[in-house]
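Please open the model in your viewer and keep the selection panel at hand.

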Amino acid sequence: MVLTDPSFIRQIQEWGGRFLPDQLLSEYTSLGVGGLADLIVLEQPEALEPVVEGLRRRGIPWGLLGGGTNLLPVDEPFRKVFLHLAPGPNDVVFDGKTVHMSTAAALGRSVMECAKRNLGGMEGLVGVPGSVGGALRMNAGAYGTQIGPLVRSVTVFRGVAGERQELSAGAIGFQYRKSSFAPDDIMLRVTLELIERPFREILDHVKTLNEKRRHSQPLKEKSAGCIFKNPPGLSTGKLIDELGMKGHRIGGAVISERHANFIVNRGGATAADIFRLMDMIRERIHRAHGIELEEEVIVWKN
Ligand code: EPU
């Protein structure tokens, strides 16, 4: 337990926050790995400023835990506190083609809410798990759609300055699976501009893409999606597959037989198992192609 000050814990509760000490991150990550950490769940985004200020004054390092779907935390206990923004009602607000979303909202569900208002352009993102905020940070993408180009502005809490700022799209850089947000920036709300499209058309497209995804990705297993980024013009999954590495296992971690750029947890996998598999893949790809693979998953070390 990193946060032990009872008066601060009481204050957090008064601000509508929930303090959850010694939580296993493996229960909060889609991969099912990660060691112990203290969590503070913020039901009210207004509590962010006083909580962060309180942590700063006590010298306690902090981070943000989003949906946990693209995350690989180490097995050892963390010496920091993780904040988590709870989703709330009215997370998606419409204004013509413009949509304001809370970053705590689930991405897939938000895309479908827009579809019901005949607003499309995000179809490819429906099957991407996680929160809207996580999608922004990673510039999530699939099947030709990326979230970045749809963004008009983002309200962000800048951890270093301890204050909120409204950033217009021009002030944010989005590249392949990468954004210009600082590690301690917490995105709070985003405004997107979507494309008018009939619900039926969006739904048909979503169904086709979901079918494709079901065939090519291990959706029913515990994973963090693709482990490595694709090198320009290539598919890492295809390269790993061609080396015959599908099904390779270390402890509870296995290279998926369905998509070789997915590592799945078949029961009791540790982060250490996954790191060893990743190192093995990196080494084999480097030896065969001279390519240095870059992680796509976000690794949390102490
Ligand atoms: N392929 C194989 N073997 C495999 C995997 C793929 O031969 O094990 C072949 C496929 O048959 C296809 C080609 O490689 O011909 C490309 O495969 P796929 O369409 O699955 O795309 P990808 O490049 O492997 C990327 C993204 C995925 C995203 C899909 C669909 C990255 C690292 N991956 O995968 O994103 O869902 O396209 O758009 O950019 C993620 O971000 O976590 C993720 C899974």
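Begin by selecting strands β7 and β15 (residues 185-193): the two run antiparallel and are joined by 5 bridges. The model shown is a predicted one. Within this pairing, display M101 and look across to β15, where V190 is its bridge partner.

Then move to the connection: β6 and β7 form a hairpin, with 2 residues between the strands. Which residue in the turn has a positive phi? Select G96, whose phi is about 65 degrees.

Now turn to helix α5, residues 199-216. The helix contains 18 residues, and the distance from its first C-alpha to its last is 26 Å, close to the 26 Å expected at 1.5 Å a residue.

Colour I202, L203, V206, L209 and R213, which are the buried residues of α5. Look down the helix axis: these buried residues fall within an arc of 135 degrees, and therefore line one face of the helix. On the other side of α5, select T208 and H215; both are exposed.

Finally, return to the buried residues of α5 and display their surroundings. What do they pack against? Select α3 (107-116), β8 (119-120) and β9 (141-142) to show the elements against which the buried residues of α5 pack.

Technical notes. Residues numbered from 1 in each chain as written. Predicted model: local features only at pLDDT ≥ 70, side-chain atom pairs only at ≥ 80, totals over all residues. Heavy atoms only, no water. Helix = DSSP H or I, 4+ residues; strand = E, 2+ residues; numbered from the N terminus. Expected span 1.5 Å × (residues − 1). Buried < 20%, exposed > 50% of the residue type's maximum accessible area, 1.4 Å probe, protein only. Arc of directions from axis to C-beta. Contact = heavy atoms within 4.5 Å. Pairing = 2+ DSSP bridges.
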